[in-house]
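Student: I have a protein structure open and I'd like to learn how to read it. Can we go through it together?

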Amino acid sequence: MQAVLVIPGSQLLQKFADAERILTREIAGVPLLIRVIATAKRAGVDRLLIIWPPDVDQSIWVQCAASPLLRGLQIARLVRQFDPRQPSNWADIAETVQEPFYWLPWNFVTHKWALTALAPVSARPVSWDAPALLEKQAVINCSRNQSAARDVDGILITALSSIGEAERFLVARSGKPSDGIYSRFNRWLCRPAVRLLTHTPVTPNWVTVGGLVVGIAAALMYARGFYAAYVAGALLFFLSGLFDEADGMLARIKFRESVFGTWFEGFVDEATYLLLFGGITAGLYRERGPRELTYGYLLLIGCVLSIAVTRLQRKLATAPGRPHEYAGRLNRLLEEDSSNLISRAVRQIHIFIKKGVSVHYLLIFTVLGGLPLLLRLAALGANLTWTLALYFNLRFFRRGKPGAVVKDAQVA
């Protein structure tokens, strides 16, 4: 898919306080022009036609084009004045425009979901201030027919004062479409910190490490074995869960997602769970005696087996280099297999093993004095998790093809 982006002449850029440098002004840690193009690349654009006016400093583009965020993008550049409202201008470059193509306003900040949701338009847009998916003949045709303006989710940078609004927009849209009420609440709590972090050298992986440190502190508090320490541990583990949300938000905003980051985040989640349950077992042993060790051992064994089996499942369910697609693909498989009683039941309850959800219930059980009950339920849940993961490995991935449901493995 191709995108076309036109840089305005210097006269238009003069309305910004820093004139041409608005193109490289950082929006949540990423220069504006690079952010606009990188967002389109994330939405599936692999070819870019950029039209650069001769009266704007050419070195600005050289600086932007060298960004690692644009690596792999096929870029063609034309140096000329260009007015998208003039069909004759489009006719002049018709040979370089593909069908259909994304129109990208140079100063429109949005997210990939807004772009992928666009439907092709067969008439010239009323306004060129919003992204659009256009048919080639629509912009070349001299017909007066124009498409109605479409409301696209995003912020148009019209002045320096718009930058703060754009950053708040990006942070608010840094989740996933599949986020449930728990994740949305967690991310809402994280917004101020994440926006601050976008203006620092802190990487998503360092945020993940911070979550591990806080998780260790939570486990140590639980291990002390009295109510006040339990509550402190629950609050710390809730904070660890917020770190877990913030690292993904920061990665998406700054285009820092990576295979290593996905696996590292998963490793830290697994480590914090093991440490937490070890701390809870030690604390309840101190408070209630040796009978709690049985449930603690069952829980830890179940956790280790669950980690091993779900790691295997992730490899079977996703292509190499795309481990972040695991949760979404498994959800789709469960939904498609809803005629199966086990798949239907797991589809409804599997969210409770997510850290962003479990931190809420851990806090509730702890504050209400239900930690012994939680230990027993967690021991049961952990061993059900690895057992069901094995079952779904056989049901969905027995043939070695990610996403292939084995239809003959019906459950009565």
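Student: Is arginine 42 buried, partly exposed or exposed?

Tutor: Keep in mind that this is a predicted model. Arginine 42 has a relative accessibility of 28%. Buried means under 20% and exposed means over 50%, so arginine 42 counts as partly exposed.

Student: Which side chain does arginine 42 meet in a salt bridge?

Tutor: The general idea goes like this: side chains of opposite charge can pair when their charged atoms come close. Here, arginine 42 pairs with glutamate 257, at 3.0 Å from N to O. The two sit in distant parts of the chain, 215 residues apart: arginine 42 belongs to helix 2 (residues 32-42), while glutamate 257 is in the loop between helix 10 (227-253) and helix 11 (259-288). Glutamate 257 counts as partly exposed too, because its relative accessibility is 42%.

Student: How many salt bridges are found in the whole structure?

Tutor: A search of the whole structure gives 14. Take arginine 47, which forms one with aspartate 46; their closest N and O atoms are 2.9 Å apart. Arginine 47 is partly exposed at 24% relative accessibility, and aspartate 46 is partly exposed at 32%.

Student: What about arginine 311, which residue is its salt-bridge partner?

Tutor: That's glutamate 270, with 3.1 Å between the closest N and O atoms. Arginine 311 lies in helix 12 (residues 291-317) and glutamate 270 in helix 11, so this pair ties together parts that are 41 residues apart in sequence. Now compare the accessibilities: arginine 311 is partly exposed at 27%, whereas glutamate 270 has 17% and counts as buried.

Student: Which residues are linked in a network of salt bridges?

Tutor: Look for Arg288, Arg291, Glu292 and Arg376; salt bridges link them in a network.

Student: Back to helix 11. Is aspartate 269 buried or exposed?

Tutor: Aspartate 269, which has its place in helix 11, is buried, because its relative accessible area is 17% and the cut-off for buried is under 20%. Leaving out residues up to four places away in sequence, aspartate 269 touches Asp244 and Lys355.

Student: Now the sheet. How do I read the order of its strands?

Tutor: Strands of a sheet pair through backbone hydrogen bonds, either parallel or antiparallel. In this model, six strands make an open sheet with mixed pairing, and going across, the order is 5-4-1-6-10-8. Strand 5 (74-79) and strand 8 (120-121) are the edges, each pairing on one side only.

Student: How many bridges join strand 8 to strand 10, and do they run parallel or antiparallel?

Tutor: Two bridges join them, and strand 8 and strand 10 (residues 132-134) run parallel.

Student: Which strands does helix 3 lie across?

Tutor: Helix 3 (residues 58-65) lies across strand 4 (47-52) and strand 5, and runs at about 160 degrees to strand 4.

Student: Last one, the surface. Which residues make the nonpolar patch?

Tutor: Tyr227, Ile364, Val367 and Leu368 make a nonpolar surface patch of about 410 Å². Zoom in on leucine 368, in the loop between helix 15 (355-367) and helix 16 (371-397). Leucine 368 counts as exposed because its relative accessibility is 69%, and exposed means over 50%.

Methods
Residues are numbered from 1 along each chain as its sequence is written. This is a predicted model: local features need pLDDT of at least 70, side-chain atom pairs count only at pLDDT 80 or more; totals for chains, interfaces and linings use all residues. Side-chain values use heavy atoms; hydrogens and water are left out. Two strands pair if DSSP finds at least two bridges between them. Helices (H or I, at least four residues) and strands (E, at least two) are DSSP runs, numbered from the N terminus. Contact means heavy atoms within 4.5 Å. Axes are lines fitted to C-alpha atoms, for helices over the stretch in contact, and angles run from 0 to 180 degrees between N-to-C directions. Patches are made of residues with over 30% relative accessible area and no salt bridge: like charges are joined within 9 Å, nonpolar side chains (Val, Leu, Ile, Met, Phe, Trp, Tyr) within 5 Å. Accessible areas come from the Shrake-Rupley method with a 1.4 Å probe; for residues, only the protein chains shown count as cover. A salt bridge is a side-chain nitrogen of Lys or Arg within 4 Å of a carboxyl oxygen of Asp or Glu. Buried means under 20% relative accessible area, exposed over 50%, partly exposed in between (1.4 Å probe, protein chains only).
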